[in-house]
Amino acid sequence: MFPFFSYIHRPFSIFLLLLLLFPPPLPATDIPFSAAGEVIDFNPNNTWHTFMRFLDAGKGSRPDGMADLKRYFRRFGYLPIPPENLNFTDAFDDEFEQALFAYQKNLGLSETGKLDFNTMSVIVSPRCGVGDFTDGGGGEHGLKTTRRFAFFYGQPRWVQSAPMMLTYAFSPTYVIDYVGMPEIRAAFARAFERWSAAIPVNFTEAEEYSTADIRIGWYSGDHGDGEAFDGRLGVLAHAFSPENGRFHLDAAERWAVDFDEEKSKAAIDLESVATHEIGHVLGLAHSSVKEAIMYPSLSPRTKKLELRMDDVEGIQSLYGSNPNFRYDSRLESDLSSGRGIVSERSEGLMWSVMAMAVVAWIVNNFTRISN
């Protein structure tokens, strides 16, 4: 009755059976299933989605397809490009273990050197496309990580006479048509204002896109900047360090400014992503503090809007403090919670990802059997 069990070990077969018979509860805000059980409006990044099969893999193992995960680590700066004419292998070797240690350290995870549950929950999450290192290896020429916040190499910043005024504009061509421009403009204005409240830099929308300091647009796939987008729920957006000014969002995402109106389970909050990417435009790299705006990942249907003290300290170290800025204890990040803790909500999300991975695995194996 279940011929696919012959392809896998008995303990995992039992786990699959239990999972299918007694599925775990899933939080409605994150999970792409209706009450009837069908998938709703959810088209995840296929490669990242399949990474769940590497859960609990450790050094010395050789899971089929591990080379894809190595390419993920390469994309975000943790592994170098393989020597000419060579490809990544599936071996969980010393080099990958060191890359994993660096990834866990930079993302505020327990440094286990294994693909544990906490680590996988971050790996499969949608995230910013800016790498976590600028030199591809995380060595002495990578991001400065002596604090929890980080900078691009060389600490670039905008240099203008005070009071500094930066202009921004939206591409007249590369836009989305299902969210009104007034709503988009309002979301970005609020995002810019959060940073302006902390530093002596003002932002104003310009009429001319080509001459604006910061140029914002939605793009698909390979759009000519060397950082191709990859479809829904993979890389959400990316922005370049000062004084480049390019700010690109993935047009394949389902962007939202109001979750009461946007019902898609895969919807991404535009204002949250805008606030994060503006940090890059100003010169901040990624933070290891999970609560910080500059942490690289963001789950669907999640708002993350307010700067934390980690963000404020980082940006003020580049530009100084806005004279009107007032310390608020609510800005404090829970610095002790960044390591080794998974919330009930993220556990539910990961159960859903695991369940979908199991379904995909079963379909693939039934297909193999039928052929």
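## The model as a whole

What you're looking at is a predicted model, where local features need pLDDT of at least 70, side-chain atom pairs count only at pLDDT 80 or more, and totals for chains, interfaces and linings use all residues. Residues are numbered from 1 along each chain as its sequence is written, and side-chain values use heavy atoms, with hydrogens and water left out.

The protein has nine helices and seven strands; these are DSSP runs numbered from the N terminus, with helices being H or I of at least four residues and strands E of at least two. Of its 371 residues, 52% are buried, meaning under 20% relative accessible area with a 1.4 Å probe, protein chains only. The accessible surface is about 17700 Å², and carbon and sulfur atoms own 52% of that; the areas come from the Shrake-Rupley method with a 1.4 Å probe. Take the contacts (heavy atoms within 4.5 Å) with a separation of 6 or more: 67% of them link residues 24 or more positions apart.

## Helix H4

H4 covers residues 94–106, and its end C-alpha atoms sit 18 Å apart, which agrees with the 18 Å that its 13 residues should span at 1.5 Å a residue. That expected span is 1.5 Å times one less than the number of residues.

Its buried residues are Phe-96, Glu-97, Ala-99, Leu-100, Tyr-103, Gln-104 and Asn-106. They pack against helix H3 (66–75) and helix H5 (117–123). An α-helix has 3.6 residues a turn, so residues three or four places apart point the same way. Just past the end of H4, Gly-108 has a positive phi of about 70°.

## Arg-215, a buried arginine

Arg-215 belongs to strand E3 (residues 214–219). Arg-215 is buried but has no salt bridge, and the nearest side chain of opposite charge, Asp-213, is 6.6 Å away. A salt bridge here needs a side-chain nitrogen of Lys or Arg within 4 Å of a carboxyl oxygen of Asp or Glu.

What does the side chain of Arg-215 reach at 2.9 Å? That's the backbone oxygen of Asn-244. The backbone oxygen of Asp-213 is also there, 3.3 Å from a polar atom of the Arg-215 side chain. Leaving out residues up to four places away in sequence, Arg-215 touches several others, including Ala-169, Tyr-209 and Phe-247.

## Leu-233, in a loop

Leu-233 is in the loop between E3 and strand E4 (237–239). Leu-233 counts as buried because its relative accessible area is 5%. Its C-alpha atom is 9.5 Å from that of Asp-250, which is 17 residues away along the chain.

Terms used: Buried < 20%, exposed > 50% of the residue type's maximum accessible area, 1.4 Å probe, protein only. Lys, Arg positive; Asp, Glu negative; His and termini not counted. Polar contact = N/O pair within 3.5 Å; in protein donor to acceptor, adjacent residues only side chain to side chain.
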